[in-house]
Amino acid sequence: MGNETTEPHPSAPHVLVVGGSMAGLFCGVMLRARGWNVDIYERAEEQLASRGAGIATHDELYDAFEAAGVDLRAEMGVRSEGRIVFDAAGKVLGECAMHQVMTSWGFVYRFLRSKFPDAHYHSGHTLERLSQSADGVTAHFANGRSVRGDWLVGADGTRSAVRQAVLPEATVDYCGYFLWRGLIDEAAVPPEVLRQLAHRLVFSTSPRGHWLGYLVAGPGDDLRPGHRWYNWGWYRRADADALRQHLTGSDGRHYPLGIPHDRLQPQLVAAMRRAAAAELAPPVQAVIAATPQPFFQGIYEMSSARLVHGRVVLVGDAAFTARPHVGLGVSKAAVDATTLADALTAPQHAQALAAWEQQRLRYGQAAVRWGRELGSYIKAPADTPEYRAKAEHYARPDVLMTVTAASEPSRYLEL
Ligand SMILES: Cc1cc2nc3c(=O)[nH]c(=O)nc-3n(C[C@H](O)[C@H](O)[C@H](O)COP(=O)(O)OP(=O)(O)OC[C@H]3O[C@@H](n4cnc5c(N)ncnc54)[C@H](O)[C@@H]3O)c2cc1C
């Protein structure tokens with residue numbers, strides 16, 4: 001792993017990384033480990049404490065960490081032994097064993113952040129524009145700073161400003177459904193409910209969607225029973241008007257890029273709770289009832305036609321955003337970064353970078369396709385027999401519980 005105490009040689013190439021989350025930190029750590037100078041520029045002013053999402057782990061994620069010299073298997077989350085699907089009445093529709101560790105976005109973030117030196121991590125830097133020449137690239141930030149480097153990596157997520165500069169035709173598309181989410185202290189869940197739900201990935205089917213939940217590490221990455229969080233999400237079909245309504249705050253403002261949870265209209269939260277009481281299994285209703293402040297997000301996807309644009313390269317969600325059902329975003333970001341570091345530092349880097357781009361384009365396209373398959377029954381189905389057959393297939397409880405955020409995703413990706 002990159003050694004935060006050893007400074008690369010000043011004459012080594014200098015990479016500007018825009019975005020200091022998963023993909024950006026992986027790039028920073030991997031390039032420093034190869035002796036390059038890296039500075040990360042992150043829009044957020046504060047530490048990116050927790051974005052709340054639970055992360056289902058699988059071999060690819062462990063492999064990516066191992067490539068960075070770390071074995072995280074033992075310590076990165078809460079063990080899940082299997083999966084179970086309930087219907088609205090609480091009847092068990094399916095059950096299977098699937099051993100997996102459920103970690104959290106915050107856990108992985110904090111781990112990576114501790115491996116990258118503070119002096120080269122620049123918070124409060126929002127990229128506004130960039131300019132490049134044959135031998136360098138300059139990033140211009142909203143705070144007035146401009147910085148020049150040999151390469152610039154766009155790791156700034158689904159709505160990437162870097163991608164907007166180099167590939168403005170790429171669009172971020174609403175998938176036709178949204179997600180209610182919650183993250184609560186496990187102690188808030190009634191004990192008899194927690195006994196039923198703990199240590200497995202729980203699904204509850206619902207009309208035009210599904211709910212899922214699992215335990216993750218609690219505050220301070222605490223893995224002790226009684227101190228963890230229960231993480232849940234409820235995917236629900238909704239047209240663009242309903243999305244707009246939900247992204248309009250109690251203050252009347254529209255928040256198209258994401259609504260702060262304290263601005264959610266109370267009547268929409270109440271409507272979600274009423275729908276839960278009618279559509280979801282009783283133990284799941286208890287979890288939602290115990291969640292004081294649910295949060296909300298639309299589900300989007302995005303594909304890039306190219307990843308290398310002169311001296312600018314796209315990675316992570318800035319390159320491809322697949323729907324969350326695939327459970328691949330973090331490992332894709334990690335592999336993008338690790339293999340990019342290999343390509344950039346290869347003796348024949350132009351050829352290596354071209355090969356890298358082809359390989360990561362194939363992977364990103366496959367991940368987006370796979371996410372579409374999994375979400376096919378949630379969005380309003382296209383009216384063709386083929387689509388209806390596909391949607392019916394992925395709505396089946398045995399299929400839903402097997403393929404969602406699978407422990408061996410490579411079995412399903414058509415590369
Ligand atoms: C509900 C949900 C569940 C998920 N579950 C899983 C799972 O189980 N397994 C899994 O592997 N993945 C999962 N994912 C996906 C995973 O969270 C993402 O793929 C991953 O966070 C992408 O990392 P990234 O660094 O590319 O982008 P992001 O995490 O989006 O980070 C982008 C960063 O860039 C910064 N930024 C943006 N614009 C600018 C700018 N102009 N200038 C400077 N900085 C900027 C942002 O502040 C942010 O810090 C899930 C996602 C969701 C939404």
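Predicted model: local features only at pLDDT ≥ 70, side-chain atom pairs only at ≥ 80, totals over all residues.
Student: Which residues of α8 are the buried ones?

Tutor: They are Pro-283, Val-284, Gln-285, Ala-286, Val-287 and Ile-288.

Student: OK, zooming out. What domains does the chain have?

Tutor: The assignment, which is automatic or from a database, gives domain 1 as 14-53 + 108-172 + 301-389 and domain 2 as 77-101 + 175-299. Their C-alpha centres lie 28 Å apart.

Student: How many residues are in contact between domain 1 and domain 2?

Tutor: Taking contact as C-beta atoms, placed from the backbone, within 7 Å, 9 residues of domain 1 meet 12 residues of domain 2. On the domain 1 side, 5 are charged, 2 polar and 2 nonpolar. For those classes, Ala, Val, Leu, Ile, Met, Phe, Trp, Tyr, Cys and Pro are nonpolar, Asp, Glu, Lys and Arg are charged, and the others, Gly among them, are polar.

Student: And the largest nonpolar core, which residues touch the most other members?

Tutor: Phe-26, Cys-27, Val-162 and Val-315, out of 114 residues in that core. Both domain 1 and domain 2 supply at least three residues to this core. A core here is a set of buried Ala, Val, Leu, Ile, Met, Phe, Trp, Tyr and Cys residues joined through C-beta atoms within 7 Å.

Student: What is Phe-26 in contact with?

Tutor: Setting aside neighbours within four places in sequence, Phe-26 contacts Leu-112, Ala-333, Ala-334, Ala-337 and Thr-338.

Student: Switching to the ligand. Which residues come nearest?

Tutor: Gly-19, Ser-21, Gly-157, Gly-316 and Gly-329, from the 36 residues around the ligand. The elements giving two or more residues to that shell are α1 (22-33), β3 (54-56) and α9 (329-344). α9 gives the most, with 4 residues. Near means a C-beta atom, placed from the backbone, within 6 Å of the molecule or strand in question.

Student: How does the shell around the ligand divide into nonpolar, polar and charged?

Tutor: There are 20 nonpolar, 12 polar and 4 charged residues.

Student: Now sheets. What order do the strands of the open sheet come in?

Tutor: The 9 strands run β3-β5-β4-β12-β13-β14-β11-β15-β18, with mixed pairing. β3 and β18 (320-321) stand at the edges with a single partner strand each, so one side of each has no neighbour in the sheet. Two strands count as paired if DSSP finds at least two bridges between them.

Student: Which strands does β14 pair with?

Tutor: β11 (residues 172-185) pairs antiparallel with β14 over 9 bridges, and Leu-179 stands opposite Tyr-235 there. β13 (residues 209-216) is also antiparallel to β14, with 8 bridges, and Leu-212 has Gly-233 as its bridge partner.

Student: Is β14 largely enclosed or left exposed?

Tutor: Largely enclosed, because 8 of the 9 residues of β14 (residues 229-237) are buried. Arg-181, in β11, is partly exposed, with 19 other C-beta atoms within 10 Å.

Student: What about β7 and β8, how are they joined?

Tutor: A hairpin links β7 to β8 through 2 residues. β7 (residues 127-133) and β8 (residues 136-141) run antiparallel with 6 bridges, and Arg-129 is partnered with His-140 in β8.

Student: Last one: where is Arg-148, and what is it in contact with?

Tutor: Arg-148 is in strand β9 (residues 146-149). Beyond its neighbours within four places in sequence, Arg-148 contacts Gly-136 and Thr-138. Arg-148 is partly exposed, with 14 other C-beta atoms within 10 Å.

Note on methods: Residues numbered from 1 in each chain as written. Contact = placed C-beta atoms within 7 Å. Buried ≥ 20, exposed ≤ 12 C-beta atoms within 10 Å, placed from the backbone.
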